[in-house]
Amino acid sequence: MGKRRILLDTRHVQTTEGDIAQRFWPAKKHPGPVLSGDKPWERFGVSLFGNVHHDRERFRMWYMAWPDVPPSGNSTFVAYAESHDGITWEKPALGIEPFEGNPNTNLLDLVRTVPSVILEPDDPDPARRYKVGGYIGAESVLKHRGRHYPGDGFYVAHSPDGLHWTESAA
């Protein structure tokens, strides 16, 4: 027997065998937020200007965290959470990017506004399974995060695990 698949559209089905039924269940809205700003680096809030991917038996989320009111330039952080059901999310202490002297954060050493994470599990280079792009305001990043970029614009990076990122060469 072949692999089981979710079948939403039958336009491309040429033949069928046995009993096949197409069933739909109503979607249920979750009663509250699935992610909220409950860490010091999320004082102003969190936002899914990022992505969620299902990878290796879990859901993985990259999102923006705002520590300041109002956020200034690239003073936002890219944070990480994971879940087994897509509703209950954990923010693991990664030890990658500290905040106000605290090394036990779920922050990534990745400067981006509105990060867009792409997962390519079959990339021939395992160091590039994950890719990310997003805007960087160079002057603001230098002022608020102490990092130098040649100018404002859209930058890309890659990662083997979605947590440790390497800026891609132009």
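Are W62 and Y130 buried or exposed? In this predicted model, in which local features need pLDDT of at least 70, side-chain atom pairs count only at pLDDT 80 or more, while totals for chains, interfaces and linings use all residues. Residues are numbered from 1 along each chain as its sequence is written, and side-chain values use heavy atoms, with hydrogens and water left out.

Both W62 and Y130 are buried, where buried denotes under 20% relative accessible area, exposed over 50% and partly exposed the range in between, with a 1.4 Å probe and protein chains only. Rings of Phe, Tyr and Trp (for Trp, its six-membered ring) are taken to pair if their centres lie within 6.5 Å, and planes under 30 degrees apart count as stacked, over 60 as edge-to-face and the rest as tilted; by this rule there are five aromatic pairs. In one of them, the ring centres of W62 and Y130 lie 5.7 Å apart with the planes at 55°, so the pair is tilted. This pair links distant parts of the chain, with W62 in strand β2 (residues 58-66) and Y130 in strand β5 (residues 130-136), 68 residues apart; strands (E, at least two residues) and helices (H or I, at least four) are DSSP runs numbered from the N terminus.

F77 and F99 form an edge-to-face pair, at 5.8 Å centre to centre and 85° between the planes. Because F77 lies in strand β3 (residues 77-83) and F99 in the loop between β3 and β4 (113-119), the pair ties together parts that are 22 residues apart in sequence. Both F77 and F99 are buried, and together with W41 they form one aromatic cluster.
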